[in-house]
Amino acid sequence: MDMKVTLSGWELSNPVIPASGTFGYGREFAALYDLNCLGSFSFKGTTLEPRFGNPTPRIAECESAVLNAVGLQNPGIAHVKAVELPEIRKFFGKKVIANISGFSIEEYVRCCRALEGEEQVGIVEVNISCPNVHSGGMSFGTEPGSAYEVTKAVKAATTKPVYMKLSPNVTDIAAIARACADGGADGLCLINTLLGMRIDLARRRPLLANRTGGLSGPAVFPVAVRMVYEVYEAVSIPIIGVGGVASAENVVEMMLAGATAVEVGAANLVDPYICKKIVESLPSVMEKYKIENLSEIIGGAHCNG
């Protein structure tokens, strides 16, 4: 059985990729198992300058989901280049996906330029659900024009494949996807977390210090599948599907919807071995559903699939 998939000319041994936000820079998980069994991994969302993140509490459990408002806590792009990437080389022999965020187009551009010479970075994953402080706090990823502009700018700043990570908190995800494709994106990653809130009954106040947070976990999987399906019909560039994935069956379902590869996020917080388990169980699931080659099922749930 063939589990290999290809993202913009980069062949992965399998489509399973731990998602940014729940895997750090891989070090903690490398102490548990050999990460080279993975297709790749997307490291923690990194910004131009170090960020402490939001005040606590910033995590809340929900039924079949988790709500987080971590706030992009990270050591900054210079530290990642000087410390984290050399550390990753010690335990991971494959290329990684570099997830970057910014609060202006210039910050996105500078992060991309900083990674240009890093051979271990196979794809730059650009998170466009962060606030755009130059547009009254609007997120880049919630309006086609802004999504197009940041995509065009980062594509001009790097020769690496650029995958735009899309926010689900929009009316028409396909319109955002088309704008990114028009801006030159090599691929897309979707979905990011859904905006949510919990109320502390005893205090009668929002449970999170940030009031709202991003909802992830199994509860959002059907939303992610629907959006991947819609985007696959809207654009002709590769899609990395993410959102509630927790099993090999979920991987196959996401690929049938149109994903070439699949990221696993919140499930890593429940079971740190989950990505390894998914990779190991994929062959039996492929056998069950008579799949010889995973790449051949991409978009298979569509009428022309």
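1. Basis. The model is predicted, and local features need pLDDT of at least 70, side-chain atom pairs count only at pLDDT 80 or more, and totals for chains, interfaces and linings use all residues. Residues are numbered from 1 along each chain as its sequence is written, and side-chain values use heavy atoms, with hydrogens and water left out.

2. Aromatic pairs. Rings of Phe, Tyr and Trp (its six-membered ring) are paired if their centres lie within 6.5 Å; planes under 30 degrees apart count as stacked, over 60 as edge-to-face and the rest as tilted. Six aromatic pairs are counted by this rule. In the pair of Phe23 and Phe41, the ring centres are 5.4 Å apart and the planes stand at 50°, so the pair is tilted. Phe23 belongs to the loop between strand S3 (16–18) and helix H1 (27–30), while Phe41 belongs to the loop between H1 and strand S4 (59–62); the pair thus links distant parts of the chain, 18 residues apart. Here helices (H or I, at least four residues) and strands (E, at least two) are DSSP runs, numbered from the N terminus. Phe23 and Phe41 are both buried, where buried means under 20% relative accessible area, exposed over 50% and partly exposed in between (1.4 Å probe, protein chains only).

3. A further tilted pair. Tyr25 and Phe43 have 5.3 Å from centre to centre and 45° between the planes, and this aromatic pair is also tilted. Since Tyr25 sits in the loop between S3 and H1 and Phe43 in the loop between H1 and S4, the pair ties together parts that are 18 residues apart in sequence. Tyr25 and Phe43 are buried.

4. Salt bridges. The criterion is a side-chain nitrogen of Lys or Arg within 4 Å of a carboxyl oxygen of Asp or Glu, and nine salt bridges are counted by this rule. Arg226 and Glu230 form one of them, with the closest N and O atoms 3.3 Å apart. Both residues lie in helix H6 (residues 221–234), four residues apart, about one turn of the helix. Arg226 is partly exposed at 40% relative accessibility, as is Glu230 with a relative accessible area of 31%.

5. Two further salt bridges. Asp271 and Lys277 meet through their side chains at 2.7 Å, N to O. Glu280 and Lys276 form a salt bridge at 2.6 Å, N to O, and both lie in helix H9 (residues 274–288), four residues apart, about one turn of the helix. Lys276 is partly exposed, with a relative accessible area of 26%.

6. Helix packing. Helix H4 (residues 144–157) and helix H5 (residues 173–182) pack at an angle of about 30°, with their axes 8 Å apart; axes are lines fitted to C-alpha atoms, for helices over the stretch in contact, and angles run from 0 to 180 degrees between N-to-C directions. H4 is therefore roughly parallel to H5 (angles under 35 degrees count as roughly parallel, over 145 as roughly antiparallel, 65 to 115 as roughly perpendicular and the rest as oblique). Contact (heavy atoms within 4.5 Å) is made by residues including Pro144 and Tyr148 of H4 and Ile176 and Asp182 of H5.

7. Separation along the chain. The C-alpha atoms of Glu143 and Cys275 are separated by 33 Å, the two residues being 132 residues apart along the chain.
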